[in-house]
Structure formats: C-alpha cells, structure tokens
Amino acid sequence: MINFLKHLNKEQRKAVEHTEGPTMVIAGAGSGKTRVLTYRVAYLLSQGVDPFNILALTFTNKAAREMKERIFNLIGSGEARNVWMGTFHSIFARILRTEGHLLAYPSHFSIYDADDSKRLIKSIIKEQNLDDKTYAPNYVAGRISAAKSRLISAEEYNKNIEIQGTDESAGKPKLGSVYTIYQNRLRKASAMDFDDLLFNTYVLLRDFPEILLKYQKKFKYILVDEYQDTNHAQYMIVKKLAADNENICIVGDDAQSIYGFRGANIQNILNFQKDYPDAVTYKLEQNYRSTKTIVGAANKVIYNNREQIYKEVWTNNDDGNKIVIQKAATDGEEGSIVANSIFENKMNQQLKNSEFAVLYRTNAQSRSIEEALRRLNIPYRIFGGLSFYNRKEVKDLLAYFRITVNHKDEEALLRVINYPARGIGKTTIDKLHIAAEKMDTSVWEVCEKIKEYNPGVKAGTRSKISSFVTMIKSFSAQMKKRNAFDLAKHIASSTGLLKELYDDKSPEGLNRYENIEELLNAIKEFTEKENTLLESGPTEESPSVRTLDEFLQEVALITDADQEDKEQTDYVSLMTIHQAKGLEFSYVYIAGLEENLFPSIQSLSSRPDLEEERRLFYVAMTRAMKKLMLTYAENRYKWGNLTICEPSRFLDEIDEKFIDYPKKASMQQSGLSFDDLTAKPKSSAPLSGLKRKNLKRLSNVGKSPARHSQESNFEDIQTGMEVEHSRFGKGKVVNIDGSGANKKATVYFNGIGQKQLLLKFAKLRILK
DNA sequence: ACCGTATTCAGCGCG
DNA sequence: TGAATACGGT
C-alpha cells in the first residue's frame, strides 16, 4: 500500500511521513518539490485521513491540475477527488459562494478580472474629474491591490496617517477616496475583484468565529505550495485556518521568490520557524535536474544574497558542459547567435525543438529572437500575451453570461449593452450612469425601470433599452432549465454576436469567429464532462444539468489558456523568466544580460529589489538541465532607438571555472555591419510585421501554436485544387490573385458558396 | 455612431 | 518599435 514511498530519497521521505504538526520543506531548485507534495497527500490518504479534511493550496491552476493528476496516478481518483485542492483564489471563491451571505454578498457574485477593475477605476477617475496622469489607472489599481493584499480596507486606508502622508506628498491625496468609491461600486455590482476573494475570506474568518471553527475542523491537514510567494492576506488566512490543529505543511524555496513586486512577502517563509516554534524543517538539497556545472554556478550567484535560509544544493549528475557567455554587437545579432546555436545543437545531436528554451527579462526582447528563429526556419512558440480568455470576443460573450447570472454586474453590462450595436451610444450610457449615481442604484436598475427613473433619453432609445432588458431576463429565466451549452449557443446567436462576427470576413474576423466556436466547444465539453461524473459517483448537490452559472464559476478563475497542448507539437519555447518558473529544459538561453535590463533599472536603488532580481537570475539558470548559454548585447534598440549597454553584474558573479568564453568569432564583426545595423529596420517591413502579429495571435490559442513551417504550404495552392478549410469544409479553388504574403484565393465551398481567403491566414489543407 | 489618424507610453504578471 | 487609446471629422 505504501510501497510508493520507495520512490523518494531519505529527506523527501521524512518530509512525507512527518504528517503531524507544522512542517516546512525547503525545496531547492529541481529537488522534487512537487513529488513531495503529491506523495504527502497520497500518504495521508493511505493512512486513512479523510480526503475532505485535506486542503492543498497552489498558486496556479496548472500546479493544482498537475498535482491532482499525479495523485490520481499514485492511488487512483476515487477518494483523492474529494481533496480540496486548488488555487487560493478558487478555493476561497468556493468558500465565499457558500458563506458570502454573511458579508451581504449573493452566492452568484461576479468576479471582476484585472481588466474589469481597471475599466472601473478609470471611469471613477474620470467621474471625479481627476487627472488621469497623476492618477494613472494602472498605478491606482496597483495601490488599491497592494492595500487589499495587506488587508487594509478602504476605511482603514483613509484613516491611516502614514498612508495619507505618503499619498499627499506624492501629490495624490485622492487615492483613498477612489479606493472607497471603487469598493462601493463593486458592492453595488455584487462583484468581487481578485483581491477581494482573499480579503473577504479573511474578514469572514476574522468576524465569524463559528465559520472559522467550521473550516478549522474541516481542514485538519493543510498544505501550501510555493509558500515564498504568499502575500500578507494569504499568509493570514492560512494562519487562521491552521491555528487549531497546526497540521500545516508549507513547501517552497526562498531562493525562488520572484513575485515581491506584486505583493509576495518573502518574510513569510523566512519567519515560518518563528510563527510555529515547533516546526520541523526539511531541506531538499539534492538536485535531480541539472549538471554539476549549472548547480555550482547558480549556487555561487545566489550566495550573494543576504536574506536567505542556508542550504547547499548539490547533485549527483555529471559535470556537463561549461556555461557559455556570448557577447553580441546588437540585440539583432544576439538573436542570430541564439538561433544559430540552437540550430547547431539540434543538428549535431539530433534534438527536438522542445528541448530548447530562450528566456528573457522583458517581453519586448522576444522580437529579435523571433526574427532570428524565423530566418532559420526554426518553429517556436511565444508564451504570454493575450490568453484565450482575455480575447475581446471571448470576454464579450462571457459578459453576456455574467449579466445573465448577475444583472448588477456593471462591467459586463457596459461591455455588451451596445455590442452588437443597438443604438445605445455613449451619450445614453452617460445619462444612465448619472441617473444611477443620483438614485444610488445600479445602471441595470435604471434600465429595468427606465420610465420611473426617466434619465432623459428619447422614447426610441428607451424602447431599445427595454428590449435589451427583456432579452437578458429571458436568458436568466432559462438558466436553470437548459444546460450550459444550449443556453450559451442561444445567447451567442440571439444577441446577434455570432452574426456580427460571422459577417466580418476579414482574416481577423474569421479568427474571432473561430474563438467563439472554441468557447462554445469548451462549454459543451464542460456540460458533458460533468454529466458523466454524476453517473459514476455521489457528488455534491444533485442538479441533473450543468448550468451556465456553474460554467461561469469555473471559468472566472481560469487564466492559463494553455489547456495542455493536445497536439504535442515540437517548438522552441520563448518566454520571460517569470513564466519559466517551475519548468525545465535541456538547453536554456538567457538573453539580455545587461545592466539596466537584467537587473532591471527599477531594481537598482533598493537592496531587496536587487536581491529579487538575483533570485530571478537564479531561477533562470536552474531551468537548464544540460547546457546553459548567456548572452548580452553591446547595443540594443530600446523604445525605438539604439542604446549602449554594459554587461550585467550577474555575469561577474559566476565563478570563472564554470565559464567558457568562446573565441571571438569573425561573424561578430561582420554581423555588426551587415546583418544588423543595416538590415534591421528593413526587416520589419509590412510583410514581416503582419506575419508576426499572426504568429503571436495563433501562438496563444494553445491549440495551434505558431509553427512557421506550416506557412510554406500556401505557396503551393493553385487554381483547380480541392482544399479543406476548418470552418467552411471542402471546396474548390476558383481563382488565385496576389502573391507572397498577400496571395488570395477564391474558393467555392460546397453548400456555402464563394469565399475570398488570404492564404497566409486561412489554414487550407490541400486534398487534391 | 463610427472610422481613420495622432499621440502617448513603455516591468516581470498568479487569479 | 508598436500597441492602446484619444480625438476630430463625417
């Protein structure tokens, strides 16, 4: 039964078997952290602990998903399914849906994403006649978010002399009142933002002892992943929940704390021993991932930080290759060096693209690397950017769902009240707003009782508003009767949204239409998946159909669109170091090791910030299993003009004995004059610009990562051919015009008719 | 109401 | 450089 424990080393095993009392597991990079967490849960279950008594908190959906899968693999999904395992936000949202009424929230409250929050903040700033430069919405949002994650309410914020002083001397004395108004508006919309999910959970546990007791009794065993990334709110909630049993196990690595800028408090992990004097600490120091060279070099770098828990990461792996440091004349040449090196390694050792990753500090750096990879025809995928659920069209449809579930959801209302256009324009919406403000109610309420409130709009507009209200209400009426998919499809078509996108025959429009299709597919999957689950076992409640509001609850907290790539395509990964956390690759390139870029210019003035940059570098280095190459450029395009750069101080922190400086190749000389300085501006002519946009867009759908190699086949399409299109089906090419990237085909599709398609976008498959 | 042009502003980003 | 937004004309 517990023979799976033999897959663990001595220290890992001790950490797994020590189930009672506070436990801290310091897991060095590549030391099998996830393994310990999953085995620990499996072990608890095998010891007879009730799965309903286990709470496992992670930061990302991905981490939660992976952990679940691995536990299922160890001991089957039967019992393990009932463990409360998920992100902080999803678990707390779940608690708030049941207990939120105590805080006067309905169970169907909306969750505002960062976008919604910013829109709202922006409109408040406007309404208050504040200058949107001194009160930049991003900055204001950041301040409010920081306050909430430090558990400072709007009221406390305004009362706090120190904070008020800071804001006043920064010339932004109204921040507090924006915060207050923001909270009122959220409240009126029956909505919580991401920070509220934490904040309100804390308030719930603080002010309602019986609720606290209930969850303390329930969660007898608490596990927290990536503890070094917890912010104050998360820390306090966990502390409260664990106060009774103190069966808390936290796992993390202080050396990998890289989210200080968004409120993570590294002191939480550094002070764990003080918070729980009885805590037992286990250190996982054996690295299974990297070569001795990489581990040694990384250790040496992180050693320069003052604040850390002492540990010595070591490995049994081979020495491996030395770390290569390469200088480039420009960022363009840096891209070429990286691409060439990938090409060489790949050819010499017959490697897959997926064994390579290029990491950088800022997203803007991806450009030069992309171009170089494209020149060598190496398939790549850029991570980051807009994820599926952040696309406009997807959010629009979701907004219809949201307002169906929660009429008061104002951000949703504003998104869709005039989309597709129904003649309810800006002027009208402003009037509605003013009326709502005056009567201290929601915009929805004004719309619903438009005659009573009489916001001074013409009769014609009034009837348009009324029919919008009627339409939304009709959706709501069907919500509990129809399954999520049926209703979603009904909403998509009867609002005219589907038609609007369908009629847009531009390549972008097609893309949007397909995204809606994909969203509907996801809902269908959701509907069916849950139904099969119901048959197989006893679950909570007992609804016979999965409804739209349930789908919305699930989807509101999903942000990684990369639902495991189904087609495991083979590409080089390009991502920021932050995105690379938790991943590993055989060959890693870290680009842009220059002062003011990495470490970032914003970090230079404070020691903690600089140390965070160093940890970031540590994280980057320790992603590599076999080979690591570091590059920097002497000149780099920043915001459009060439800037002179100095090598990063971090390069000096690596012990010489681990480094291999390649002999200055002649290509660097020629590269300077020919490859880059002259070719660079021209290489981003309209054509390549368009292509890149397309790649970026595709790259984020997850289902269809950017694959450069695929693009070539449109050259082959000719008049008379039989082709297949993902949406229109089979058809015959009637005509071709244009050439190169602008090559267009006129295709006659069976049963649909003629379509004009830009070949570089339309993924046509040649049949005959 | 909507579209094309001008202007502005760049940090990493979980949920 | 380029994306996101503001503005002014139709």
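The legends below describe close-up views of a predicted model. Local features need pLDDT of at least 70 and side-chain atom pairs count only at pLDDT 80 or more, while totals for chains, interfaces and linings use all residues. Residues are numbered from 1 along each chain as its sequence is written, and chains are lettered from A and ligands numbered from 1 in the order in which they are written.

**View 1. The open sheet of six strands.** The order is E3-E2-E6-E7-E1-E8, with parallel pairing. Strands (E, at least two residues) and helices (H or I, at least four) are DSSP runs numbered from the N terminus, and two strands pair if DSSP finds at least two bridges between them. Strand E3 (84-87) and strand E8 (280-284) each have a single partner strand, so one side of each is left without a neighbour in the sheet. On average, neighbouring strands are turned by 15° against each other, direction ignored. Within this sheet, strand E6 (residues 221-224) is joined to strand E7 (residues 248-252) by three bridges; Ile222 has Ile248 of E7 as its bridge partner.

**View 2. Helices H1 and H5 on the sheet.** Helix H1 (residues 10-17) touches strand E1 (23-27) and E8, and its direction makes about 145° with that of E8. Helix H5 (residues 88-99) touches strand E2 (54-58) and E3, making about 120° with the direction of E3. Contact requires C-beta atoms, placed from the backbone, within 7 Å. Axes are lines fitted to C-alpha atoms, for helices over the stretch in contact, and angles run from 0 to 180 degrees between N-to-C directions.

**View 3. The surface near DNA strand B.** DNA strand B is surrounded by 34 residues, the closest being Thr60, Phe194, Thr362, Gly425 and Leu557. A residue is near the strand if its C-beta atom, placed from the backbone, lies within 6 Å of it. Helices that each supply at least two residues include H5, helix H3 (61-75) and helix H11 (194-207).

**View 4. Packing of helices H25 and H28.** Helix H25 (residues 484-494) and helix H28 (residues 548-555) pack at about 90°, with axes 8 Å apart. H25 and H28 are therefore roughly perpendicular (65 to 115 degrees). Ala484, Leu487 and Ala488 of H25 meet Leu548, Glu550 and Phe551 of H28.

**View 5. Strand E11 and its parallel partners E18 and E16.** Strand E11 (residues 323-330) pairs with strand E18 (residues 659-660) over two bridges, and Ile323 stands opposite Ile659. Six bridges join E11 to strand E16 (residues 624-638), where Lys327 has Tyr632 as its bridge partner.

Key: Two residues are in contact if their C-beta atoms, placed from the backbone, lie within 7 Å. Angles under 35 degrees count as roughly parallel, over 145 as roughly antiparallel, 65 to 115 as roughly perpendicular and the rest as oblique.
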